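Colleague: I would like to learn how to read a model like this one. Could we go through it feature by feature?

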Amino acid sequence: MSLGSLQIVKPGLLTSVQDLGRYGHQALGVPVAGPMDVFSHRLANQLVGNDADAATLEVTLIGPEIVIEAETTVAIVGAVFEAGCDGRPVPMGASFTVRRGQRLKFGRIVHGARAYIGIAGGVLTASVLGSRATHLVSRMGGLEGRTLRAGDRLPVLARPAPRPLRKAVGLMLPTGGRARLRVVPGPQDDWFHADALKTMAGVSFRISPRSNRMGYRLEGPPLARIREGELISEPVGMGAIQVPGAGEPILLMADRQTAGGYPKIGHVISADLPLAGQLAPGDFLEFILCSRQEAVSALIARERQLLRYADLKDAS
Amino acid sequence: MRIRECGDAMLLVEFEPAIDPLVNERVIALASRLRDRRARGVRDVAPGYCTVGVHFDPLQTDLAALEGAIAEEARVLNLVATVAARTPVEIGVSYGGDDGPDLDAVAARAGCSPADVIERHAARTYRVYMLGFMPGFAYMGRVDPSIAMPRHRMPRERVPAGSVGIAGEQTGVYPVASPGGWQLIGRTASVMFDPDRSQPSLLVPGDCVRFVPLAGRRP
């Protein structure tokens, strides 16, 4: 199979290789990483005929400029950017064909924070412990475990998708830099004042500039604790809202550590985490309490959406 | 034992909240049994000190069945009544000087000489309770209470790979250069984590570890 490459001319603000994440090694302290918005990542892959686990490029706020040295199919899903290929505008949320040597250039961002560039066959950097996902802090996966730089070359297949899905897909993005995220309380909500959950669900939190792919620090009213100290460090997952002593919550995101000792007042549901991934520092989020049953129903509804797009491909 | 839901994609199995070798032995046994069981939908099983995190795909997992499986595996754990004897992994350490910039301060705080700190740190066999923070970072305990030290208030921006530190009654080795707040008393050349090795992490939960002072490098 003939190979081509993506040549990074300008890297953008923070562009990294991501797949569904490095599961299976958290016992050894290996973080999962993966996309901040897993739905957009999956859709980008679907549009170019890939499996969900193929590696895409995650683009953050300022997009890259890439010369595509391959005849291939590309799709950009997630945050809405003005983008062009050799000066001609390309659609968001739909696949398009690229000829060898064409230049994909991102312009202004319109909505959201992170877009995923899906490419037929996926980005073929080396797999580390079964995944190509980049974990920045431990410098693992992707290209040398780091964000992309000018001059980088990433291997890709030189082969357009045999059956790409061209139809544009509807995107779920926060509007006006605000999102409402549903939260299942616990498991340590009993470490907090009785009205802390109510407080949390009644206000807006601002995402602090000291936020990154590991987590969002949230500025808002402190969530008063009735128990001091820390837990004996225990495993944590994406979406956990942990509250250090000072009471300023941290929402754990894709590059979270595998374990932590702060009490967790609740967890953002899986169906809404992609929406969180489309927020940037300075944006606002609100929490709405819900049950685990509601969380699973919401996830099934999102999954049906993805399956509908897959059906469209089969019908084409 | 108690099973708690953490959002819609993780269960946390809680044992007695203690840093205790036998509790931890049961935690590790449960994690291993759950991993071997390969229950549908389970993405990862991670043991902590006294908890097991079971990460799962909510759309592929029958939660009641998973909780049943955990309860079933846990029943066997009462048979784990002793901590298995293991051959210690030896880690050579160059103590003090540039390799252990906090050694003298630790000694001063403990009211003993740097050589005493080294002797006390190297005298014990430590248990690896869990890994976290970084790939291959093992939380080991417990150090001699006389040399137990709080973390630095302001963490260092860069701790070199291989640095051996103390935080509270825990000791550990930084696998790669990273920010860190532990009191650094020495440094090892052992490679703690290499994803290309068949066993990527030098240490796994439940291991025994001894630190061996390297000759000729006494401060």
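Colleague: Leaving aside neighbours within four places in sequence, which residues is Ile3(B) in contact with?

Modeller: Two residues are in contact if their C-beta atoms, placed from the backbone, lie within 7 Å. By that rule Ile3(B) contacts Leu11(B), Val13(B), Glu67(B) and Ile70(B), once neighbours within four places are set aside. Ile3(B) itself sits in strand β1 (residues 2-6) of chain B. Helices (H or I, at least four residues) and strands (E, at least two) are DSSP runs, numbered from the N terminus.

Colleague: What do the numbers and letters refer to, and where does the model come from?

Modeller: This is a predicted model: local features need pLDDT of at least 70, side-chain atom pairs count only at pLDDT 80 or more, and totals for chains, interfaces and linings use all residues. Residues are numbered from 1 along each chain as its sequence is written, while chains are lettered from A and ligands numbered from 1 in the order in which they are written.

Colleague: What is the mean pLDDT of chain B?

Modeller: pLDDT is the predictor's confidence in each residue, from 0 to 100. For chain B the mean is 95, and 98% of its residues reach 70 or more. The model scores ipTM 0.95 and pTM 0.95.

Colleague: Is Ile3(B) buried, exposed or partly exposed?

Modeller: Count C-beta atoms, placed from the backbone, within 10 Å of the residue's own: 20 or more others means buried, 12 or fewer means exposed, and anything in between is partly exposed.

Colleague: How much of each chain counts as buried?

Modeller: In chain B, 47% of the 219 residues count as buried. In chain A, 55% of the 316 residues do.

Colleague: How many helices and strands are there in chain A?

Modeller: Chain A has four helices and 18 strands. Its radius of gyration is 20 Å, close to the 20 Å of the globule rule for 316 residues, so chain A is as compact as a globular protein of that length. The radius is taken over C-alpha atoms, and the rule is 2.2 Å times the number of residues to the power 0.38. Chain B has four helices and 13 strands. A compact globule of 219 residues would have a radius near 17 Å; chain B has 19 Å, which agrees.

Colleague: Which residues of helix α3 (residues 103-110) of chain B are buried?

Modeller: Leu103(B), Val106(B) and Ala107(B) are the buried ones. They cover an arc of only 100° around the axis, so they lie on the same side of α3(B). The arc is that of the directions from the helix axis to the C-beta atoms. Their cover includes β5 (89-95), α4 (114-123), β9 (163-167) and β12 (183-187) of chain B. After α3(B) comes Gly111(B), with a positive phi near 70°.

Colleague: Which residues have a positive phi without being glycine?

Modeller: Most residues other than glycine have a negative phi, and most peptide bonds are trans. Leu129(A) has a positive phi near 50°, and Glu144(A) one of about 55°. Leu129(A) is in the loop between β8 and β9 (153-157) of chain A. Glu144(A) is found in the loop between β8 and β9 of chain A too. With 17 other C-beta atoms within 10 Å, Leu129(A) is partly exposed. Glu144(A) has 14 and also counts as partly exposed.

Colleague: Where are cis peptide bonds found?

Modeller: One joins Gly186(A) and Pro187(A), with omega about 5°. Pro187(A) lies in the loop between β10 (178-185) and α2 (196-202) of chain A. Another joins Gly141(B) and Arg142(B), with omega about -10°. Arg142(B) is in the loop between β7 (138-141) and β8 (156-159) of chain B.

Colleague: How many residues of chain B are in contact with chain A?

Modeller: 38 residues of chain B are in contact with 35 residues of chain A. β3(B) gives the most to chain B's side, with five residues. That side divides into 25 nonpolar, eight polar and five charged residues. Ala, Val, Leu, Ile, Met, Phe, Trp, Tyr, Cys and Pro count as nonpolar, Asp, Glu, Lys and Arg as charged, and the others, Gly among them, as polar.
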